[in-house]
Structures are given as structure tokens and as C-alpha cells.
Amino acid sequence: MSSTATSPAPEQAQPLLSLRGLEKRFSLSGDFLEQLKFKGGKLVREQEHVHAINGVDLDIQRGEALCVVGESGCGKSTVARTVMGLITPTAGEIRYDGERIDDRTTKELLPYRRRMQMIFQNPYASLNPRMTIQQTLEEPIRLHHPDWSPQRVKDQVAEVMTSVGIAPDWGARYGHEFSGGQRQRIAIARALAVDPEFIVADEPISALDVSIQAQVLNLLMEAQQQRNLTYLFITHDLAVVEHFGTRVAVMYLGRVCEVAPTATLFATPRHPYTQALMSAIPRLEDDRPQHIRLQGEVPTPVNLPSGCVFHGRCPHANERCRVEVPTLIATDEGGQVACHGVEEGRI
């Protein structure tokens, strides 16, 4: 048996970011009157919710790039936006450098805003069309460093533009004058302008041409090495994960089903869902694993299944899987997996 249900992982340094029991539900109901319905001759209030995140536990260590992968709608982008405070969590805790931040006011969060920055998916929508590139890059610097002189601000903008491969004389132009790849470089420059230590990248290359994706990925990796950055990288592209990630967290229907070092996950995936994902990667080798075809459809996040959310599509599910929610347990390979079958030695 290659997992233990209770053995703690070896002690590590305090995580830069820690999520515990993170949940987010979005209401589908309208106003109060629209929620009132007659049932059994009585007027009752009925509310429906989309369960986007369902008890996510994650730690991100300093200097690593944790990639979060999964199907569309699994909750990975919601995790990213909740971490950045763009969405308020329904339950759970978010701790940054040991301090809880999910219950703080906007003013109290301001010191953390400089340390945490985000790169959005769509480079066409993430730049203000009314602002020049110079104004776009100066804005966060002036916000977080109001005591800096105008010349120091301009020098910082020129330095960060050069570091991402764009010419400082582009500053007088507007966002619509650039290609998608150039706009994403500008968006990366904006994130780096205040010298953060942690960056959330929400599918930053999915809207770009394949020929540009590698350039942007290499740029992010160079920035990590030069500035000692930590990444939470959201993607659905497993080839990107293999190239970029230090560790990988696999999500399914709002839950983390497996976390492991990148090489370990690709070599020996443990969770049945992860195994299905890995088997779908096109490979040239003759010894590639047989493609695993999952049965059924992904359940609706409005009405989650009981027990393990994957049990309806899992070929190894038993009665325990249908009634008991699995928790992450340590594996001998250095990862964690939420699977009763792995815990019991059946997988």
C-alpha cells in the first residue's frame, strides 16, 4: 500500500499562501420574492446555489510554481480570484505569510496588494483603453509608493518594460495598438511594476497564438528566477504544466483530488481522475498508457453528488465512495490524494 491516512507530511517552512476549507457558493436565486414558492400548501423560501469551490486545502511554498489544472468549470479560476480578494469566500480561511487575509477590509488589505499581483486571461480586456501604457504602468506604483518622485516612478516603469521585452518608448501608445502577445507582456509588466513576491496567473496564455505562448511562458520563468517569485498558475493545458510547474494540484467539481510534484504526477498519477487526464495526453512513445474513457457526464455543481464527487464516473467506486467525502492523504511518492481506493490499497 502506497499511502497512509494519518501520517503527517515532513515539516516544511511556513507556506507563503495557505488555503483551508475554502468554499464559494454563487446564488442562482433572484430577489427575495422570486425565492418564495408554494410547497405542500405552504409558502417557503427556496434558494439554489452553484457550489464553485467545496473545501479546498492548498499550501504554496515560497519560490515554487503551483499549477492548478482541471476541466472547465472545476473551480480553478474561482480559487484564483478568491485568493486575490476579487471574490469573497463563503467559508474557509486564506492565510498569506501566516496572516489571515480573507476577513480584512479593503484598507487593511492594501499592504498585501503590493505583495500579491494578478495576470488575467484576456490581454484584450485587462488593459484600460483610455490610458496609455505609461499611465497603466505608473498607476500601481503611485498607489503603493505615493512618496516616490516622478522621475523614480518613470525609471521603475522603464526598467520593468525592458525586463519583459518591450521598448520604453511604447509608453505613449494605447493598448489597442498592440498584438495579443504584446498586450500580455504589458500586463505582466504591470504585475511586476510594484516588485511583488506572489503572482496569480489565471490562464495567461490561453488567449494567445501557439507561437507566442512559449515566449510568454519563458518570460514568466525568467521573471521567477530573477525576482524570486512564487506563482499560482491556473491552466487546463497539461503540456504547459509539465514545462512550467513545480507542483500540480488537480481539481474536479470544486475539490482538489490530487497534489504532487510535477514529475511525480506525470509519471505515477494516483487518483482515477488524474489517471484519465494523463492518459489523454498525445504521446509518441509506444509505451504510452491506454486512453481511459470516463463514463457519464460531469455532475451539475448546483446539486453535488454525495460522498466523493467523482464516484459517478469512477470505475473503482464502492459504497464508501458514494457516502463518505475523501480527504487528502499523504502518498509514498511525496504527494497527496483524496481517494478511498488509494487509501484502501485498491488502486
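## Cavities

The largest cavity has a volume of about 80 Å³, in a model that is predicted. A cavity is a set of points, on a 1 Å grid over the protein atoms alone, where a 1.4 Å probe fits but cannot get out; a volume is the space filled by probe spheres set on the points, which are joined across faces, edges and corners. The structure holds three cavities of 30 Å³ or more.

Fifteen residues line the largest cavity, and C308, C314, C321, C339 and H340 lie nearest its centre. Lining residues have an atom within 4 Å of a point. By class, this lining has nine nonpolar, five polar and one charged residues. Asp, Glu, Lys and Arg count as charged, Ala, Val, Leu, Ile, Met, Phe, Trp, Tyr, Cys and Pro as nonpolar, and the others, Gly among them, as polar.

## Nonpolar cores

The largest nonpolar core has 56 residues, and I188, L192, L220, Y231, F233, F244 and V250 have the most contacts inside it. Such a core joins buried Ala, Val, Leu, Ile, Met, Phe, Trp, Tyr and Cys residues through side-chain atoms within 4.5 Å, where buried means under 20% relative accessible area (1.4 Å probe, protein chains only). Another core, of 31 residues, lies apart from it and includes L19, V56, V79 and M84.

Beyond its neighbours within four places in sequence, F244 is in contact (heavy atoms within 4.5 Å) with A65, C67, L217, L220, M221, Y231 and F233.

## Basis

Residues are numbered from 1 along each chain as its sequence is written. Local features need pLDDT of at least 70 and side-chain atom pairs pLDDT 80 or more, while totals for chains, interfaces and linings use all residues, and side-chain values use heavy atoms, without hydrogens and water.

Note on methods:
Buried means under 20% relative accessible area, exposed over 50%, partly exposed in between (1.4 Å probe, protein chains only). On a 1 Å grid over the protein atoms alone, a cavity is a set of points where a 1.4 Å probe fits but cannot get out, and a pocket is an open set with protein on both sides within 12 Å along at least five of seven lines; lining residues have an atom within 4 Å of a point.
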